[in-house]
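Try each task before reading its solution.

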Amino acid sequence: MRMRRKKNLDTRLKLCESYLIECETPNRNYEASIDETQLIDFKEIFGNSNRIMLEIGCGKGGFACEYAARHPDVNVLAVEKTPNVIVTACEAAAAKGLTNIMFMNCEAEYLERFIPKESISEINLNFSCPYPKAKYAKHRLTHERFLKIYKNLMTSNAVIFQKTDNMHFFEFSIESFSSNGFVLSNISLDLHGESIEENIVTEYERLFSEKGLPIYRLEARLPAARVSK
């Protein structure tokens with residue numbers, strides 16, 4: 001079901017424009033689009049050269065805003081493809097007065113159009129849609145086609161954190177990361193049953209946990225000697 005457009009959405013987005021990076025993708029052909037780059041100058045946007053944390057699928061911005069508040073020395077780039085949702089995230093950041101966070105209304109397929117190579121030190125995938133039907137597997141954010149994008153964006157010592165409540169999606173992710181050259185560590189089959197420092201509980205995470213569902217988590221890194229792409 002398509003989400004109903006929020007009342008006064010354009011006005012609300014306009015009021016949040018200081019938190020939004022303009023992302024135009026007139027060419028909907030992915031392969032052609034990435035050749036038409038509009039690369040972000042992070043130093044210009046954030047006013048510093050601090051490391052960049054990227055959250056893909058930030059939803060209402062709870063995780064991204066809390067991360068930015070806890071880590072003022074890190075620049076947070078939060079991506080969400082739905083305007084109806086990202087406006088709430090921007091408003092949350094504005095309400096907190098955060099200065100180290102920016103948002104992109106963009107689909108993950110087009111990240112290379114905007115983000116410079118080897119500029120991201122951390123990627124967070126929090127409760128991404130699992131697309132349970134096999135025919136939609138290519139839309140999963142841990143599918144091979146997305147991992148290739150992440151590889152190009154990550155610095156040499158970057159890490160990807162994934163959290164999900166879906167066991168089958170988690171199993172798919174483990175296999176996908178492993179078969180695409182990532183090294184996995186700190187794999188948890190019950191995050192809330194273990195002691196993980198600095199875990200930021202997302203809206204979905206709290207909801208699933210209260211229902212008694214286990215939360216799965218992993219960390220994925222590229223090997224020390226990166227294979228040239």
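Predicted model: local features only at pLDDT ≥ 70, side-chain atom pairs only at ≥ 80, totals over all residues.

**Exercise 1.** Decide whether phenylalanine 63 counts as buried or exposed, and then classify the ring pair that phenylalanine 63 forms with tyrosine 67.

*Solution.* Begin with accessibility: buried means under 20% relative accessible area, and phenylalanine 63, at 7%, therefore counts as buried. Tyrosine 67 is treated in the same way, and at 5% relative accessibility tyrosine 67 counts as buried. Finally, turn to the geometry, for which a pair of aromatic rings is described by the distance of the centres and the angle of the planes. Planes under 30 degrees apart count as stacked and over 60 as edge-to-face; with ring centres 6.0 Å apart and planes at 40 degrees, phenylalanine 63 and tyrosine 67 are therefore a tilted pair.

**Exercise 2.** Classify the ring pair of phenylalanine 177 and phenylalanine 182, and state which residues are linked into a cluster by ring pairs.

*Solution.* The ring centres of phenylalanine 177 and phenylalanine 182 are 5.3 Å apart and their planes stand at 75 degrees, so this pair is edge-to-face. Phenylalanine 177 counts as buried at 0% relative accessibility, and phenylalanine 182 is buried as well, with a relative accessible area of 5%. The cluster linked by ring pairs consists of Phe127, Tyr204 and Phe208, and the count of aromatic pairs comes to 6. A separate kind of ring interaction involves arginine 140, whose charged end sits over the ring of phenylalanine 172, 4.6 Å from its centre.

**Exercise 3.** Identify which residues touch the most other members of the largest nonpolar core, and which helix gives the most to this core.

*Solution.* The largest nonpolar core has 37 residues, of which Leu54, Met104, Leu111 and Tyr150 touch the most other members. Helix α7 (residues 144-153) gives the most to this core, with 5 residues. Apart from this core lies another, of 23 residues, among them Val74, Ala78, Ala93 and Ile101.

**Exercise 4.** Give the strand order of the open sheet, and describe how β2 pairs with β3.

*Solution.* The open sheet of 8 strands runs in the order β1-β4-β3-β2-β5-β6-β8-β7, with mixed pairing. Its edge strands, β1 (20-21) and β7 (183-188), each pair on one side only. Strand β2 (residues 52-56) pairs with strand β3 (residues 75-80) in the parallel sense over 5 bridges, and the bridge partner of methionine 53 in β3 is valine 76.

How values were computed
Residues numbered from 1 in each chain as written. Heavy atoms only, no water. Pairing = 2+ DSSP bridges. Helix = DSSP H or I, 4+ residues; strand = E, 2+ residues; numbered from the N terminus. Core = buried A, V, L, I, M, F, W, Y, C linked by side-chain atoms within 4.5 Å. Buried < 20%, exposed > 50% of the residue type's maximum accessible area, 1.4 Å probe, protein only. Phe/Tyr/Trp six-rings, centres within 6.5 Å; stacked < 30°, edge-to-face > 60°. Lys NZ or Arg CZ within 6 Å of the ring centre and 35° of its normal.
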